[in-house]
Amino acid sequence: AGGATALSQLVDTWEESNPTHHTIPDDIANMYNNVSLAAVFEAMREHQPKLIAVTRLIYGTPAPIWLERSAGPLRAASVYVDQETAEGMGPGYGAWEAGACGTGADFLRACKGGHQGCPLATNLCCLPYFLALARVQDQHRGARLAGFADDTYINSPPEMIYHAYAEKRRVCL
C-alpha cells in the first residue's frame with residue numbers, strides 16, 4: 001500500500017539532495033501483456049522454484065482468448081497478433097476464420113504476458129524485470145534506480161545517466 005506515493009517521495013528527495021543530477025522516468029511498454037513467459041520461468045527456476053508448479057498450472061499452456069465477432073468484424077486496433085505472441089492462426093484448431101469453433105466466435109492463444117486478474121501476474125511480470133534492473137544497477141553503481149511494477153526512475157550525474165538509461169532499455173526490452 002502506498003507504493004506509488006513512496007516512490008514519488010523518494011524521487012523528490014533525490015532531486016532535493018542532488019539538484020545537479022538528472023532524473024529519467026521510464027515505463028516499459030505494456031509490461032503485463034508483453035513479458036516473455038520463457039524469461040519468467042527462467043527467473044522462477046533460479047529465484048522462486050517453489051512457485052513453478054502453481055505457475056505451470058496457470059501458464060503451462062497458452063491461454064485461449066475468445067473473440068466475439070457476431071456483431072461484425074473486430075476493429076483493427078482491438079487485437080494485436082504476431083508470430084511471437086499468439087498461435088493457432090491457421091485453419092482447424094485455433095482457427096481465425098469466422099465460425100471455426102462452431103459458435104460464431106473465434107479464438108487465438110496468448111503466448112506472452114499475464115492473464116487478466118491472475119494473482120500471479122504481477123510476480124510473473126516483475127520478477128524478470130527486476131532481475132534485469134539489478135544487472136543495470138551492478139554496471140552503473142553511481143546511478144540510483146527505483147521502481148514500482150514497470151514504472152522506473154533513474155537518477156545520477158548527467159555523464160552517467162544516459163548510459164544507464166540506454167542499458168536499462170536494452171536489457172529490459
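Author: Let's start with a definition: when two axes make an angle over 145 degrees, they count as roughly antiparallel, and 65 to 115 counts as roughly perpendicular. Keep in mind that what you have on screen is a predicted model.

Reader: Okay, let me try that on H5 and H6. At roughly what angle do their axes cross?

Author: The axes of H5 and H6 cross at roughly 150° and come within 9 Å. The cut-off for roughly antiparallel is over 145, and H5 and H6 are therefore roughly antiparallel to each other. As for handedness, H5 passes H6 in a right-handed crossing.

Reader: Which residues in H5 and H6 meet?

Author: On the H5 side, look for Tyr129, Ala132, Leu133, Arg135, Val136 and Gln139; on the H6 side, their counterparts are Ala164, Glu167, Lys168, Val171 and Cys172. Sorted by class, this contact of H5 with H6 has seven nonpolar, one polar and three charged residues.

Reader: Now H3 and H5. What is the angle there?

Author: Helix H3, residues 37-47, packs against H5 at about 75°, with the axes 9 Å apart. The band from 65 to 115 is the roughly perpendicular one, and H3 and H5 are therefore roughly perpendicular to each other. In that contact, Ala39, Val40, Ala43, Met44 and His47 of H3 meet Asn123, Leu124, Leu127, Pro128 and Leu131 of H5. The class count for H3 with H5 is eight nonpolar, two polar and no charged.

Reader: H3 also packs with H4. Which way does H3 run relative to H4, roughly parallel or roughly antiparallel?

Author: Helix H4 covers residues 52-59, and the angle between H3 and H4 is about 165°, with their axes 11 Å apart. That makes H3 roughly antiparallel to H4. Here the crossing of H3 past H4 is left-handed. Leu37, Phe41, Met44 and Arg45 from H3 meet Ile52, Thr55, Arg56 and Tyr59 from H4. That group divides into five nonpolar, one polar and two charged residues.

Reader: How many bridges join S5 to S6?

Author: Five bridges join S5 to S6, which spans residues 151-156. S5 and S6 form a hairpin with two residues between them, and Ala149 in the turn has a positive phi of about 55°. Over on the S1 side, S1 and S6 pair over six bridges, with His22 opposite Ser156.

Reader: Last one. How many salt bridges does the structure hold?

Author: Four. One of them joins the side chains of Asp26 and Arg169, 2.9 Å from N to O. Asp26 belongs to strand S1 and Arg169 to helix H6, so the pair ties together parts that are 143 residues apart in sequence.

Conventions. Residues numbered from 1 in each chain as written. Predicted model: local features only at pLDDT ≥ 70, side-chain atom pairs only at ≥ 80, totals over all residues. Heavy atoms only, no water. Pairing = 2+ DSSP bridges. Helix = DSSP H or I, 4+ residues; strand = E, 2+ residues; numbered from the N terminus. Axes fitted to C-alpha atoms, helices over the stretch in contact; angles between N-to-C directions. Parallel < 35°, antiparallel > 145°, perpendicular 65-115°, else oblique. Left-handed = near helix turned anticlockwise from the far one by under 90°. Contact = heavy atoms within 4.5 Å. Nonpolar A, V, L, I, M, F, W, Y, C, P; charged D, E, K, R; others polar.
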